[in-house]
Amino acid sequence: MSDRKINMPISLVKQMIDPLFTKSIRDKQFVIDAFISMLPDYNLEMFLELVARNKYTPVKKGSHVMFRPNRYFFDDYDQDTMIDMGLSTKDDYVYGIVLDDDSYSNDFNPYAHKMKVNIYVWYDNEFTYRKESINTMDLNVIKESDIPYFKIIKNEIQV
């Protein structure tokens with residue numbers, strides 16, 4: 001286990017996890033080693049990121065989210081049009097809605113490594129979706145009212 005690495009040496013991971021376990025645990029080092037070995041790398045990375053963050057809002061089915069897509073995403077869509085339609089930001093964020101976690105379980109896990117997301121896109125002059133699997137820690141939960149596209153639509157309906 002000592003040569004296992006995530007994006008940091010395992011010895012640093014142990015130092016970060018150590019304070020989370022009370023000293024009253026019998027054989028604390030064994031418990032830490034067992035904990036680390038039981039988690040796949042992506043779950044351990046997610047756990048460490050959760051520990052390090054000041055605040056995290058877990059996603060739910062139906063959560064509206066924003067995130068930066070992979071760098072090839074805008075090869076399929078006109079970014080300027082997406083920005084004009086309120087479906088993207090100038091700093092490359094896009095919006096979507098969480099459909100489910102991307103696991104084989106029947107139960108939704110808000111801490112699954114990836115989430116199935118319907119990304120809101122503008123394609124062939126109409127609003128549509130693009131379904132993708134997105135790293136959960138890349139998703140920022142927002143309100144639907146934070147998405148400019150939905151504000152534009154509401155204003156057009158009221159006119």
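**Close-up 1. R130 and E132 form a salt bridge.** In this predicted model, the closest N and O atoms of R130 and E132 are 2.6 Å apart, a salt bridge being a side-chain nitrogen of Lys or Arg within 4 Å of a carboxyl oxygen of Asp or Glu. E132 is buried, with a relative accessible area of 18%, where buried means under 20% relative accessible area, exposed means over 50%, and partly exposed lies in between, with a 1.4 Å probe and protein chains only. Salt bridges that share partners join D76, R130 and E132 into one network. Residues are numbered from 1 along each chain as its sequence is written. Because the model is predicted, local features need pLDDT of at least 70 and side-chain atom pairs count only at pLDDT 80 or more, whereas totals for chains, interfaces and linings use all residues, and side-chain values use heavy atoms, with hydrogens and water left out.

**Close-up 2. R130 also forms a salt bridge with D76.** Here the closest N and O atoms are 3.1 Å apart. R130 lies in strand β4 (residues 126–135) and D76 in the loop between β1 and α4 (79–84), so the pair ties together parts that are 54 residues apart in sequence; helices (H or I, at least four residues) and strands (E, at least two) are DSSP runs, numbered from the N terminus. D76 counts as partly exposed, at 44% relative accessibility.

**Close-up 3. D100 and K61 are joined by a salt bridge.** The closest N and O atoms of this pair are 4.0 Å apart. Since D100 lies in strand β2 (residues 94–101) and K61 in the loop between α3 (41–52) and β1 (64–67), the pair ties together parts that are 39 residues apart in sequence. D100 has a relative accessibility of 24% and counts as partly exposed. The count of salt bridges comes to three.

**Close-up 4. Five strands form an open sheet.** The strands follow the order β4-β3-β2-β1-β5, and their pairing is antiparallel, two strands being counted as paired if DSSP finds at least two bridges between them. The edge strands are β4 and β5 (140–142), each of which pairs on one side only. From one strand to the next the twist averages 40 degrees, with axes that are lines fitted to C-alpha atoms, for helices over the stretch in contact, and angles that run from 0 to 180 degrees between N-to-C directions.

**Close-up 5. Strands β3 and β4 form a hairpin.** Strand β3 (residues 114–123) runs antiparallel to β4, and 10 bridges join the two. W122 has F127 in β4 as its bridge partner, while V117 stands opposite E132 in β4. Two residues lie between the strands, and D124 in the turn has a positive phi of about 50 degrees.

**Close-up 6. M66 is a buried residue of strand β1.** Its relative accessible area is 19%. Leaving aside residues up to four places away in sequence, M66 touches T89, Y93, V94, Y95, D138, L139, N140 and I142, contact meaning heavy atoms within 4.5 Å. The C-alpha atoms of M66 and Y93 are separated by 6.2 Å, although these residues are 27 residues apart along the chain.

**Close-up 7. Helix α1 (residues 10–17) has I10, V13 and I17 buried.** These residues cover an arc of only 50 degrees around the axis, which puts them on the same side of α1, the arc being that of the directions from the helix axis to the C-beta atoms. What covers the buried residues of α1 includes α2 (28–38) and α3.
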